[in-house]
Amino acid sequence: MAEERESMEYDVVIVGAGPAGLSAAIRLKQISPDLTIAVLEKGAEAGAHILSGAVIDPVALNDLIPDWKARGAPIETEVTKDEYLFLGPAGSAALPSFLMPPLMHNHGNYVVSLGMVTRWLATQAEELGVEIYPGFPASELVFDESGAVKGVVAGVFGVARDGHKKGDYQPGMELHGKYVLIAEGARGSLAKQLLARFDLGAESEPQKFGIGLKELWEVPQERHRPGLVQHCVGWPLDDKTGGGAFIYHWGDRLVSIGYVVHLNYRNPWLSPFDEFQRFKQHPIVRPTLEGGKRLAYGGRAITEGGLQSVPKLTFPGGR
Amino acid sequence: MNVPRIKGTHNAMRSGMMAAEAAAAAIAAGRMRDELTDYQDGYATSAVRKELVKVRNAKPLLSRFGTSIGGFLGILDMWTTTLLGGFSLFGTLKHGKSDAEATESASKHKKIEYPKPDGVISFDKSSSVYLSNTNHEEDQPVHLKLTDPSVPIRVNLPEYGEPARLYCPVGVYEVLYDDDGSNPRFQINAQNCIHCKTCDIKDPSQNINWVTPEGGGGPNYPMM
Ligand SMILES: Cc1cc2nc3c(=O)[nH]c(=O)nc-3n(C[C@H](O)[C@H](O)[C@H](O)COP(=O)(O)OP(=O)(O)OC[C@H]3O[C@@H](n4cnc5c(N)ncnc54)[C@H](O)[C@@H]3O)c2cc1C
């Protein structure tokens with residue numbers, strides 16, 4: 001099976017140019033500017049596959065790049081109002097915010113496009129000399145004689161649907177590192193293999209997930225309330241099905257609206273997509289979007305297992 | 001991910017930084033390809049873990065008691081863990097089953113009739129896929145691999161109504177029939193895939209393995 005491939009040696013190979021992978025790359029260069037670091041990203045550019053809410057807590061960024069404002073980070077809309085709503089089919093009840101424990105408050109947080117923040121993080125990493133390879137999915141793990149992870153295969157190209165090699169076939173490259181950091185986000189395809197091979201989940205509970213669907217809308221000026229952050233639970237999901245919605249107003253007349261359904265739902269007839277579409281018709285939601293335009297749509301799984309499901313984090317050759 | 005806050009970004013960044021610190025120190029000490037145990041140990045006392053401790057029961061309470069009661073108990077529990085340094089009356093609740101195992105048989109549930117989209121506020125799947133800008137080279141191996149190709153029609157269709165048709169948010173999976181409604185066939189429209197990974201997680205038979213397609217394939221989100 002093993003195919004002859006060229007290989008390249010790095011100090012650290014990172015799989016995934018998301019917030020985790022890029023933060024690792026930047027931190028490595030801040031500590032030791034001479035380290036050679038490759039970051040592989042399956043999307044056509046860093047940020048192309050990133051989909052998030054997103055209200056972000058700047059605590060980690062303050063630590064990583066304290067002068068992010070001066071460096072032009074696309075983080076501008078501060079949260080001004082935080083609402084928690086319980087929806088019925090026709091009405092809604094707001095939960096008074098003093099009932100919410102302090103950790104649930106969003107003051108001091110920002111509404112952003114995480115995709116844009118990721119693109120910006122990628123430019124910060126590149127300025128420090130990190131090599132980012134967009135369009136290069138890491139498709140296979142490579143192990144050394146002792147069984148430790150030595151690197152990954154990336155950039156295999158030109159295999160036809162039936163498996164034969166087309167004229168423009170490229171075998172890809174092996175990227176070797178002293179350490180390999182896997183930062184694929186929720187349900188990574190290489191992480192899945194590592195979990196199985198090194199039995200990393202042996203002492204934790206099964207990982208739990210949700211599916212998050214999101215649309216970006218441009219809404220009329222009079223409907224736009226920059227910094228308003230709303231979270232809803234209840235209708236259209238029944239009480240036994242976990243999930244809820246977010247509505248974030250930000251930027252220039254933009255509203256990020258999304259729906260999360262916990263994937264432990266029992267009824268196989270449930271369609272997260274249709275629940276989301278139906279949710280937007282609720283009398284408290286529809287007026288915000290009316291007269292507006294849908295600009296983008298997408299979805300991404302979210303890990304929800306929390307503390308109980310955090311697997312073992314390291315394996316020979318990386319994490 | 002902090003479930004009640006739906007926030008994961010800052011913790012993803014923190015864990016990236018912690019892994020970097022452990023790797024940089026190991027390389028400086030002349031080590032390579034061993035286990036970064038400093039990282040594992042660092043996690044135990046990290047801000048990431050402290051945060052997850054406080055909200056640890058929010059999700060299991062929802063799973064057990066539903067949105068209204070579970071949500072109420074979750075709020076109470078987060079107050080308790082916040083005020084009492086992580087202590088909870090519930091201890092640490094278990095999640096139990098995996099998401100795939102949680103799926104029940106179709107015969108136990110009513111089919112859900114969803115309203116037709118109005119094309120103004122609500123939309124159908126195909127116009128939505130279009131707005132994800134997703135694209136894959138057509139002539140490449142299907143990157144959604146079935147461990148056993150017969151399972152969707154033989155097992156999933158009779159037992160679960162083949163829920164892939166419904167949980168996939170971009171219509172990758174279809175069951176096609178002849179005109180007279182016979183001869184069901186499973187079709188995978190891999191080019192629509194937006195890499196959300198739901199199929200790999202939720203397939204009740206755990207028969208779908210998501211692997212990376214050719215480079216550059218997948219969505220192209222501008223500001224998501
Ligand atoms: C709908 C939704 C709403 C959310 N809302 C919020 C919010 O409001 N606030 C918040 O803080 N968090 C929120 N989150 C969670 C947050 O988005 C995640 O915690 C965060 O994106 C995790 O970052 P990551 O770098 O670990 O993974 P990701 O962001 O998933 O990035 C992983 C990257 O690795 C790439 N990749 C994966 N596998 C490979 C491979 N084999 N080879 C090459 N590249 C690969 C991917 O293309 C991607 O670019 C939300 C998530 C969703 C889905």
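A polar backbone atom of B:Gly8 lies 3.0 Å from a nitrogen atom of the ligand in this predicted model. Two further polar contacts (pairs of N or O atoms within 3.5 Å; within protein, one must be able to donate a hydrogen and the other to accept it, and residues adjacent in sequence count only if both atoms are side-chain atoms) are listed with it below.

| Residue | Protein atom | Distance to a ligand nitrogen atom |
|---|---|---|
| B:Gly8 | polar backbone atom | 3.0 Å |
| B:Ile6 | backbone N or O atom | 3.3 Å |
| A:Glu184 | side-chain N or O atom | 3.0 Å |

Taken alone, the ligand exposes 1,000 Å², and the protein buries 94% of that (accessible areas by the Shrake-Rupley method with a 1.4 Å probe; for residues, only the protein chains shown count as cover).

Residues are numbered from 1 along each chain as its sequence is written, and chains are lettered from A and ligands numbered from 1 in the order in which they are written. Local features need pLDDT of at least 70 and side-chain atom pairs count only at pLDDT 80 or more, while totals for chains, interfaces and linings use all residues; side-chain values use heavy atoms, with hydrogens and water left out.

The ligand is placed between chains A and B. Around the ligand are 36 residues, of which A:Ala20, A:Glu41, A:Ser52, A:Val55 and A:Ala138 come nearest (a residue is near if one of its heavy atoms lies within 4 Å). By class, this shell has 20 nonpolar, 11 polar and 5 charged residues (Ala, Val, Leu, Ile, Met, Phe, Trp, Tyr, Cys and Pro count as nonpolar, Asp, Glu, Lys and Arg as charged, and the others, Gly among them, as polar). Elements that each supply at least two shell residues include helix H1 (19-31) and strand S2 (37-41) of chain A, and helix H1 (9-28) of chain B (DSSP runs: helices H or I, at least four residues; strands E, at least two; numbered from the N terminus).

Chain A is divided into domain 1 (1-76 + 112-204 + 306-319) and domain 2 (79-107 + 209-303), with bounds from an automatic or database domain assignment. Each of these domains gives the ligand shell at least three residues. Their centres, taken over C-alpha atoms, are 30 Å apart. In contact (heavy atoms within 4.5 Å) are 12 residues of domain 1 and 16 residues of domain 2 of chain A. The area buried between them is about 990 Å², and carbon and sulfur atoms give 68% of it (accessible area, 1.4 Å probe, lost by two parts on being put together, summed over both). On the domain 1 side, A:Leu51, A:Val55 and A:Ala186 lose the most area to domain 2, together 55% of what that side buries.
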